[in-house]
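Keep the viewer open and follow along.

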Amino acid sequence: TSGVITIEWTITDNDACQIQTLTADFDYTAPATLTPVSPVDISYDACILSNQTDLETAFTTWLTDNTDAITNSISGQGCTPVVSHDWDLTHLQYCSDGVITITWTISDTDLCQLIDDLVADFVYTAPAVLTPVSPVDISYDACDLSNQFDLETSFTTWLTDNTDAITNSISGQGCTPLVSHDWDLNHLQYCTSGVISIEWTITDTDACQTQTLTADFDYTAPASLTPVSPVDIIYGPCILTDQSDLETAFTTWLTDNTDAITNSINGQGCTPLVSNDWDLNHLQYCTSGVITIEWTITDNDACQTQTLTADFDYTAPASLTPVSPVDIIYGPCILTDQSDLETAFTTWLTDNTDAITNSINGQGCTPLVSNDWDLNHLQYCTSGVITIEWTITDTDACQIQTLTADFDYTAPA
């Protein structure tokens with residue numbers, strides 16, 4: 001406290017003959033009163049700061065600014081005022097809310113003045129917790145998709161939809177959350193079952209929050225087809241009677257095998273298709289031959305292609321090799337009358353017919369021998385020739401042969 005002490009000195013001499021008084025002052029001025037400014041509170045949201053370094057820089061700047069403001073506000077006041085604070089050098093952590101309360105103390109010479117009620121808060125709010133939705137697994141059967149393009153489109157749609165759902169679910173949360181995933185750009189193959197597991201990573205400022213979420217894209221390729229094998233068939237000669245029978249037998253065989261293959265894969269794969277390579281050309285009844293048919297089975301996008309073969313084997317009727325009929329000549333006087341002439345002719349005709357018939361026995365299928373005799377006989381008294389044509393036919397006229405011979409008669413001169 002400022003003040004003055006006035007001192008009065010008194011001088012006296014013998015018997016107080018002389019008395020004098022003298023005065024002087026001791027004048028003291030105390031230190032002037034300090035009037036510091038008040039430190040300022042501050043609040044930081046995490047989204048204003050981007051990481052731990054920013055947080056520490058913001059705090060030390062605030063502490064320094066307040067300290068400087070207090071110091072400057074008492075410049076020229078007191079004597080040698082000293083400003084200090086009680087920060088313990090411990091920083092807040094970026095990922096946790098917190099408050100640091102600082103008390104500044106101002107002291108002057110000999111502690112004449114001590115101010116210790118300057119307090120301010122550094123308040124920090126960490127990034128809000130992210131609460132993303134979980135990505136959804138999905139399973140596809142090959143029969144839901146038709147080809148490789150469909151499979152790739154389904155996957156990218158699933159990946160995009162899940163990524164968008166996660167991103168949208170954290171909109172307005174945290175500060176600047178980023179959603180990424182670990183897909184390596186490799187697709188599953190349509191013809192092979194497989195799973196792609198995707199991991200989504202969500203990070204926010206300075207990786208204060210990192211979350212991982214996973215989901216599976218599960219794909220089952222078309223099931224293997226296990227068709228029955230088509231059956232060969234062999235038709236020997238004489239089983240079929242004509243061209244129509246041959247064609248009917250072939251189309252029946254082709255249809256039966258196609259139906260058997262189709263029925264054997266019913267419920268397998270997705271939409272298997274059975275086709276064959278028949279060119280619509282039939283074998284000819286009179287010519288042996290083989291038709292080899294290849295059946296092709298395809299399923300979705302030709303993921304499975306199988307080929308099966310079988311033969312339709314046909315043997316035509318064997319060629320006929322008849323003997324040739326024999327001419328005969330009857331000179332005059334060998335035969336005695338009309339009856340002998342007619343008997344000789346019918347015997348010749350019968351013998352030749354029998355010889356031809358016997359020569360083809362076991363050949364062909366059901367060969368028939370006929371002749372063109374018109375039942376008219378030569379006359380005993382008139383020379384003449386009867387020419388006979390034998391016709392041999394087999395099933396469906398596949399083979400027709402004609403043979404001729406003459407019955408030559410000379411009447412008596």
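Helices (H or I, at least four residues) and strands (E, at least two) are DSSP runs, numbered from the N terminus. In soluble globular proteins, nonpolar side chains tend to be buried together.

Before going further, a word on the ground rules. This is a predicted model, in which local features need pLDDT of at least 70 and side-chain atom pairs count only at pLDDT 80 or more, while totals for chains, interfaces and linings use all residues. Residues are numbered from 1 along each chain as its sequence is written, and side-chain values use heavy atoms, with hydrogens and water left out.

Now pick out F59. Leaving aside residues up to four places away in sequence, F59 touches W87, H91, I100, I102 and F122, where a contact means heavy atoms within 4.5 Å.

I5, I7, W9, I11, L22, F26 and Y28 make a nonpolar surface patch of about 710 Å². Patches are made of residues with over 30% relative accessible area and no salt bridge, with like charges joined within 9 Å and nonpolar side chains (Val, Leu, Ile, Met, Phe, Trp, Tyr) within 5 Å. The areas come from the Shrake-Rupley method with a 1.4 Å probe, and for residues only the protein chains shown count as cover. A salt bridge, for its part, is a side-chain nitrogen of Lys or Arg within 4 Å of a carboxyl oxygen of Asp or Glu.

Where does the patch sit along the chain? Both β1 (3–12) and β2 (19–28) supply at least two of its residues, and the largest share, four residues, comes from β1. L22 lies in β2 and counts as partly exposed because its relative accessibility is 43%. On this scale, buried means under 20% relative accessible area, exposed over 50% and partly exposed in between (1.4 Å probe, protein chains only).

A disulfide is a covalent bond between the sulfur atoms of two cysteines.

Start with C47 and C175, whose S to S distance is 2.2 Å. The torsion about their S-S bond is about -90°, so this disulfide is left-handed. C47 sits in the loop between β3 (42–45) and α1, and C175 in the loop between α2 (148–169) and β8 (178–181), which places the two 128 residues apart. C47 is partly exposed at 42% relative accessibility, whereas C175 is buried at 19%.

Next come C143 and C270, a disulfide with its sulfur atoms 2.2 Å apart. This link is left-handed too, with -90° about the S-S bond. C143 lies in the loop between β7 (138–141) and α2 and C270 in the loop between α3 (243–264) and β12 (273–276), so the pair ties together parts that are 127 residues apart in sequence. Here C143 is partly exposed at 40%, and C270 is buried at 19%.

The remaining pair is C238 and C365, joined at an S to S distance of 2.2 Å. Their torsion of about -95° makes the disulfide left-handed. C238 is in the loop between β11 (233–235) and α3, while C365 is in the loop between α4 (338–359) and β16 (368–371), 127 residues away in the chain. C238 is partly exposed at 37%, and C365 is buried at 17%.

C333 is in no disulfide, and the nearest cysteine sulfur, that of C381, is 12 Å away. C333 is exposed, at 65% relative accessible area.

Finally, look at the backbone. Most residues other than glycine have a negative phi. C238, however, has a positive phi near 80°.

Terms used: Disulfide = S-S within 2.5 Å.
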